[in-house]
Amino acid sequence: FLNIKFHVNEIPMFFFLSFRNSKERNLAKNKLIKKNIYCPIFWETKNKNLHKFVNSNFFTKNLLAVPIDHRYNLTNMKMLAEILNKI
């Protein structure tokens, strides 16, 4: 569990999952899609000016952003946790 502190007016919109590679990330994403859970991924950029973002390649290949915004209630979050535990 991440120990992240948010200010009163801040709400996380995604929970980030890290995978060893894009193949594993895509397998997890496809399993979630089958349960009608749609997760955005970070697209690779060819912009050479982004060299200052040293981890951008890792983000595009390994991270999956699981939605956890205000539209989901506690029942939805429990279901999501159960699905993620099976992946």
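Predicted model: local features only at pLDDT ≥ 70, side-chain atom pairs only at ≥ 80, totals over all residues.
Student: What makes the length of helix 1, residues 22-34, agree with what a helix should span?

Tutor: At 1.5 Å a residue, the 13 residues of helix 1 should span 18 Å, and because the C-alpha atoms at its ends are 18 Å apart, the two values agree.

Student: Why is Arg25 called buried?

Tutor: Arg25, which is found in helix 1, has a relative accessible area of 4%, and since buried means under 20%, Arg25 is therefore called buried. Not counting residues up to four places away in sequence, Arg25 touches Phe19, Ile41, Thr60, Lys61, Asn62, Leu63 and Leu64.

Student: How do you know that the buried residues of helix 1 line one face?

Tutor: The buried residues of helix 1 are Arg25, Ala28 and Leu32. Seen down the axis of the helix, its buried residues fall within an arc of 65 degrees, so they line one face. The face turned away from this buried side carries the exposed residues Lys23 and Lys34.

Student: What covers the buried residues of helix 1?

Tutor: The cover includes helix 2 (56-62), strand 2 (63-67) and helix 3 (74-86). For Ala28, leaving aside neighbours within four places in sequence, the contacts are Phe19, Leu64 and Ile87.

Student: Which residues make up the largest nonpolar core?

Tutor: This core has 11 residues in all, among them Ala28, Leu32, Leu64, Val66, Leu80 and Ile83. The elements that give two or more residues to this core are helix 1, strand 2 and helix 3.

Student: Why are Phe14 and Phe16 called partly exposed?

Tutor: Phe14 has a relative accessible area of 34% and Phe16 one of 42%. Because buried means under 20% and exposed over 50%, both values lie in between, and each residue is therefore called partly exposed.

How values were computed: Residues numbered from 1 in each chain as written. Heavy atoms only, no water. Helix = DSSP H or I, 4+ residues; strand = E, 2+ residues; numbered from the N terminus. Expected span 1.5 Å × (residues − 1). Buried < 20%, exposed > 50% of the residue type's maximum accessible area, 1.4 Å probe, protein only. Arc of directions from axis to C-beta. Contact = heavy atoms within 4.5 Å. Core = buried A, V, L, I, M, F, W, Y, C linked by side-chain atoms within 4.5 Å.
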